[in-house]
Amino acid sequence: MKSKAKLNITNLNWGVSFLSAVMAIAIGLLFGLVILLISNASEALSGFAAIVQGGFADGAKGIGDVLYNATPIIMTGLSVGFAFKTGLFNIGSSGQFTMGAFAAVYVGIKWTFLSGSSHWIVALLAACIAGALWGLLPGILKAVANVHEVISSIMMNYIGMYFVNMLIVSNIHDKIKNQSLPVSKTAIIPKAGLDKVFGSQNINIGILIAVLMVVIIYFLINKTTFGYELKACGYSKDASKYAGINAKRNIILSMVIAGALSGLGGGLLYLAGSGKYLQVVDILAPQGFNGISVALLGMSNPIGILFAGLFIAHITVGGVNLQLYSFAPEVIDIIIAAIIYCGAFALLFKNIIFKFSKRKEKEGEGI
Amino acid sequence: MDYVIEMNKITKTFGDFKAVDDVTLKVERGEIHALLGENGAGKSTLMSVLFGLYTPEAGEIIIDKKKVKINNPNDANDLGIGMVHQHFKLVHNFTVLESIVLGMEDTKNGFLKMDEARKKVEKLSDRYKLKIDPDAQISDITVGMQQRVEILKMLYRDNDILIFDEPTAVLTQQEIEELMKIMRELTEEGKSIVFITHKLNEIKEAADRCTVLRKGKYIGTVDVKTTSKEQMSEMMVGRKVSFIIEKSDAKNLSPVLEVKNMTITNKFTKKNVVKNVSFNVKKGEILCIAGIDGNGQSELVQGITGLMAINSGHIFLNGKDITKKSIRHKCIEGIAHIPEDRQRYGLVLDYSLKENAVLQTYYQPCFQKNGIIKFDAVRDYAKKLISQYDIRSSQDEDSIVRGMSGGNQQKLIVAREIDRNPEIVIAVQPTRGLDVGAIEYIHHQLLSQREDGKAVLLVSFDLDEVMNVSDRILVMFEGEIVGDLNPKNTTVQELGLFMSGSKRSESYEIKSKA
Ligand SMILES: Nc1ncnc2c1ncn2[C@@H]1O[C@H](COP(=O)(O)OP(=O)(O)OP(=O)(O)O)[C@@H](O)[C@H]1O
Ligand SMILES: [Mg+2]
């Protein structure tokens, strides 16, 4: 009897989360359809089909592309979601991502004394460390001086962007294309035959690393004393102080880990060997902000984040296919943005469903 | 009979758990109707049904002889039903006026008619002598005042049926008396009141009739005048409860906790809230700090436990200086703390019961290995606490604490703190909001700590508790200790004089001036 009730509650929470994510997505898609209808009514339906089909339109290759696109945003999503569990809003994922990307590319180009697989591994570690450093600073500011992490990490985003531009120009600049030089072959993440399976040049074991990180973070949050402390701080500062939990240490550590995850995301993208280079442009890395949507859509739950990341990547690939139907590339961006935006409302829908079900009496336990 | 409320055969379940089981409650017009029951008996749940927060699975509600369906608090409001919740929450950075009008703004015209609202609030405040300043910030006023704001909110909405869910648990004796007066005035005007309390004295004093619940079931409704306190408590608990505590004489052993010249300054007002306080608590002693709420007791305790920084002074535990030590360290050294604000400090409300059971011990070898929590051990431990301390909840160790009844939340904290086998238990209002059975149990727990040669520092505003339980009483007034009394040689009246600052023990006269 008792265990049955327990099961119901867990199912219900998962169910509500899932349902609200689906609702968010549906509304986003609907909004996309409206935009398509406005911009080109005759092609709207086939265009819409392309979006919904996403990666599946191109068979195995499409799926490979989805996995490739999902990798960095799963990482930034994890980063934001993890910090969120501690009650921190890591809006600095973008800067951490950029720093990680640079560190990986730098090691990939310059540290040619590293041979074989040690090269890409060290490069990815460098990405983690650089990202962690970029999370460390807002963490320290928050813990010691109570500077709000949103403000300090937004500043860190810009500092990271300009700093990396400067470092590229002075160290690894390809003057003709105004971008970073190509990394050495040993620094490229191995494909382990995945390219053959999916018939796509982009995919590599990065997605497996991302999945591994999802598992690790899930374990960390739910099974360890460290996760227990982090969540306690996130839920109630006062109670965790009462419990003797060192909130300062946890805030710093949480930001460091969040930074490392974002940084790793940057490394995974730019060492993919997919012909992507660091550009010297004054634009914040969008992956960091997509990470916020992924985290919201996934309700800060690592498993949820994994699927949210895959979904957003799926839509992105679908958006690329939209070009076949004479839609302006900007329309594609708008639609993807709309869906991502609605993803951010998932939490709102969760509350609505929650209230609704409470009234409908299908509900028992609190949140 | 002229019933304003008839709740017939109401059932409300959470999952498989029947919180309210076939309960009938009939309230006459113009009466104060007490609702009595143990912690977790379903009182708040039943009232939440009446207020539209929960929809019952079975039963009917009849208001003013009309069968109604109450789907949400707005429906309740339309029927003239208002409620002051057990853990009421006002928005802190609002003014009193704003929080009263909140949700009742004149939305018809789209403009706020604050002037009219102010007039109405002032008029009501005068009429019921609530002494409310409409422009005060909620965060600046006492809990007692906040509660009056809640009452005014109901009056502002012209509610005729008023539900008070344990209003007196957070009030001082004087505030309680004033509240009773207000309640009586309200009923004289024909309003009807449902009054939840665990204090039988209050029921005797204020209520006309009393309905008793036990474990979600209806036990009976009695006329208060013709029923004794003992009878009521027996109906409620199902057995006899003794109100008298028997204990041996204190043994007068060496001190466990010594506080020397402690001073604490309020960060914002820069006033000294604790002024050069020194005392000690001995092994096998229950030392009680009495005083009117807000005279520095909370700060004193927070200073000892480390939740608040102290400005000067020293704290010794078993002779060791622990002044500068961390909260964790103090915890390990044997300080247990039952905090005043249980929902804010004592519990992580969104954690389950079992997670809260190990709030200060989760890192110890019995609950973790290599940083991985042994959830089976945690579960077993929580189960042990539940059965040993009779903590009731709908999902046992998996209940989310937020959904537990107020009294059972408190029991969980007490269980956790005492079970850690500490050197000293520092308990602030440990029995607040508990039923008589649970109070009896907790008093026995404190006494058995004392019998084991452990020390207890008890802060209480309940004079009966102070006189009954303690071996020695220190009275605090405006941040100072003004009296050191033996409960055997003093009376409640004398204690009252000390608490109001009109009397001081000799030894404290000179020191305080220095
Ligand atoms: N939202 C909820 N979800 C699950 N269980 C609940 C919920 N609300 C109440 N309960 C359970 O219902 C029972 C009755 O709770 P209720 O709050 O009505 O008790 P109460 O009589 O007001 O007790 P107290 O005097 O301690 O406030 C408790 O066992 C509680 O755990
Ligand atoms: Mg209650």
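An oxygen atom of ligand 1 sits 2.7 Å from an N or O atom in the side chain of S44(B), a polar contact in the sense of a pair of N or O atoms within 3.5 Å, where within protein one atom must be able to donate a hydrogen and the other to accept it, and residues adjacent in sequence count only if both atoms are side-chain atoms. The model is a predicted one, in which local features need pLDDT of at least 70 and side-chain atom pairs count only at pLDDT 80 or more, while totals for chains, interfaces and linings use all residues. Residues are numbered from 1 along each chain as its sequence is written, chains are lettered from A and ligands numbered from 1 in the order in which they are written, and side-chain values use heavy atoms, with hydrogens and water left out.

**The ligand site**

| Residue | Atom of the residue | Distance to an oxygen atom of ligand 1 |
|---|---|---|
| S44(B) | side-chain N or O | 2.7 Å |
| G40(B) | polar backbone atom | 2.8 Å |
| G407(B) | backbone N or O | 2.7 Å |

Taken alone, ligand 1 exposes 630 Å², and the protein buries 95% of that, the areas coming from the Shrake-Rupley method with a 1.4 Å probe. Ligand 1 lies between chains A and B, and of the 25 residues around it, those that come nearest are G40(B), S44(B), T45(B), S405(B) and G407(B), a residue being near when one of its heavy atoms lies within 4 Å. This shell divides into 14 polar, 6 nonpolar and 5 charged residues, with Gly counted among the polar ones. In chain B, β2 (17-28), α1 (43-50) and α14 (406-419) each supply at least two residues of the shell, and α1(B) gives the most, with 3 residues; helices (H or I, at least four residues) and strands (E, at least two) are DSSP runs numbered from the N terminus.

**The interface between the chains**

The contact (heavy atoms within 4.5 Å) takes 41 residues from chain B and 29 residues from chain A. About 3200 Å² is buried between the two chains, with carbon and sulfur atoms giving 56% of this area; buried area is the accessible area (1.4 Å probe) that two parts lose on being put together, summed over both.

Across this interface there are 15 residue pairs in polar contact, both residues at pLDDT 80 or more, and 1 salt bridge, meaning a side-chain nitrogen of Lys or Arg within 4 Å of a carboxyl oxygen of Asp or Glu. R344(B) forms a salt bridge with D238(A), their closest N and O atoms being 2.6 Å apart. On the side of chain A that touches chain B, the elements giving two or more residues are α1 (2-39), α8 (206-223), α9 (225-235) and α10 (237-242) of chain A, and α9(A) gives the most, with 7 residues.
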